[in-house]
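Subject: A structure for you to explore

Hello,

Here is the structure I promised to pass on to you. Please open it alongside this email and follow along as you read.

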Amino acid sequence: MTGWLDVHAHYVTDRYRTQCTAAGHDRPDGMPGLPGWSEQAALDLMAATGVQAAVLSISSPGVHFGDDTLTADRPARALARHVNEFGADLVARRPDRFGLSAVLPLPDIDGALAELTYAGDQLHADAIALATHYHGRYLSDPAFAPVLSELDTRGAVVTLHPKSPPGWEHTALGHPRPMIEFLFDTTRCVTDLALSGALSRYPRIRWIVPHAGAVLPAVAHRIAAMTVLSGKPVDVPGLLSGLYYDLAGVPLPIALDALLGVVEADHLLYGSDFPFTPAEAVTHLAGELKAAPALHNARLDLSPHSAGAALFPRLRSACT
């Protein structure tokens with residue numbers, strides 16, 4: 001378990017915590033609160049679990065807390081710039097240990113395009129972090145087409161992350177949304193990307209789907225069969241086989257085997273979900289993955305021909 005690449009790791013800045021709390025997200029997605037985070041805590045956990053490098057991103061609820069289009073200061077743009085520059089500073093200091101998946105202030109399209117350009121051209125971000133939806137608008141929404149088009153032009157790596165879905169007040173049944181709703185929302189988003197044609201229209205975007213594909217492996221063939229019945233067949237399993245998947249969450253004992261039914265092991269990547277998954281749980285889950293027979297031939301590191309090396313060449317170079 002030496003030299004793994006963690007593509008699903010988060011960070012929390014003091015300013016981000018303050019603004020989340022001020023916006024009513026002190027218990028994000030029904031969880032007890034935003035967890036503590038520090039660079040040293042991240043490095044200590046990486047050492048304990050054999051992780052060489054971690055690609056950091058901001059988790060749910062993101063940086064856009066409501067309609068800021070009528071305000072002059074555009075707080076979502078400012079918060080996105082803050083967390084992205086904070087992450088870029090970490091990478092500059094420890095280029096062999098950290099990567100950055102930069103956040104965008106969607107659904108502010110102009111702001112997102114500007115931040116995408118800045119993150120790519122000035123901060124040299126390794127990836128872009130997108131949420132499954134933005135205030136109920138999923139990524140296939142025509143308004144988001146300019147952003148997806150620019151991501152496609154850049155051949156960007158996109159780390160996808162779920163949020164509380166629209167109507168969670170009725171569907172979560174009082175439970176924290178990461179328990180079930182996050183998995184359903186990832187499934188809803190990726191299914192929509194497939195059925196809307198977005199995965200085919202933007203073939204150069206390299207998507208990393210979280211949580212071992214969520215519910216997608218279990219429903220992919222059913223969805224494909226339903227498209228045949230509707231007269232508009234879509235090879236959903238085929239499309240899913242071209243995406244990448246992180247193993248954050250609880251991929252064992254069932255989810256990993258289901259995922260390997262639709263994708264080859266060379267499209268798997270490790271994910272810790274630290275600090276939203278506590279360090280003790282991360283260590284335990286990493287140990288289980290190390291012992292999993294299904295992963296004996298998987299390359300979860302930055303070795304040549306691994307998914308990590310293909311998606312994150314800067315980290316590959318920095319770590320050799």
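A charge is said to sit over a ring if NZ of Lys or CZ of Arg is within 6 Å of the ring centre and within 35 degrees of the ring normal. By that rule, the charged end of R81 sits over the ring of Y118, 3.7 Å from its centre. R177 does likewise with W168, lying over its face at 3.5 Å from the ring centre.

Before going on, a word about the model. It is predicted, so local features need pLDDT of at least 70 and side-chain atom pairs count only at pLDDT 80 or more, while totals for chains, interfaces and linings use all residues. Residues are numbered from 1 along each chain as its sequence is written, and side-chain values use heavy atoms, with hydrogens and water left out.

Now to the sheet. Helices (H or I, at least four residues) and strands (E, at least two) are DSSP runs, numbered from the N terminus. Two strands pair if DSSP finds at least two bridges between them. Eight strands make an open sheet with parallel pairing, in the order β1-β2-β3-β4-β7-β8-β9-β10. Its edge strands are β1 (4–10) and β10 (268–269), each of which pairs on one side only.

How many bridges join β1 to strand β2? There are five, and β2 covers residues 51–57 and runs parallel to β1.

On one side, β7 pairs with strand β4 (residues 127–131) in the parallel sense over four bridges, and A129 stands opposite T159 in β7.

Why is β7 described as largely enclosed by the rest of the structure? Because five of the five residues of β7 are buried. In a regular strand the side chains alternate between the two faces of the sheet. In β7, V157, T159 and H161 are on one side and V158 and L160 on the other, and all are buried, so both faces are covered.

Next, the aromatic rings. Rings of Phe, Tyr and Trp (its six-membered ring) pair if their centres lie within 6.5 Å; planes under 30 degrees apart count as stacked, over 60 as edge-to-face and the rest as tilted. The structure holds five aromatic pairs. In one of them, the ring centres of W4 and Y270 are 4.9 Å apart and the planes are at 45 degrees, so the pair is tilted. W4 is in strand β1 and Y270 in the loop between β10 and α12 (279–291), so the pair ties together parts that are 266 residues apart in sequence. W4 and Y270 are both buried. Elsewhere, ring pairs link Y11, W37 and F86 into a cluster.

Most residues other than glycine have a negative phi, and most peptide bonds are trans. A cis peptide bond joins L106 and P107, with omega about 15 degrees, and P107 is in the loop between β3 (98–103) and α4 (109–121). The bond from F274 to P275 is also cis, with omega near 5 degrees, and P275 is in the loop between β10 and α12.

D29, in the loop between α1 (14–22) and α2 (39–49), has phi near 60 degrees and is buried, with a relative accessible area of 9%. A212 has phi of about 55 degrees; this residue sits in the loop between β8 and α9 and is buried at 2%.

Finally, a look at the outside. V228 lies in helix α9 (residues 216–229) and counts as exposed, at 54% relative accessibility. V228 and L34 are 194 residues apart in sequence and 44 Å apart in space, C-alpha to C-alpha.

Enjoy exploring, and write back with any questions!

Best wishes

Definitions and conventions:
Buried < 20%, exposed > 50% of the residue type's maximum accessible area, 1.4 Å probe, protein only.
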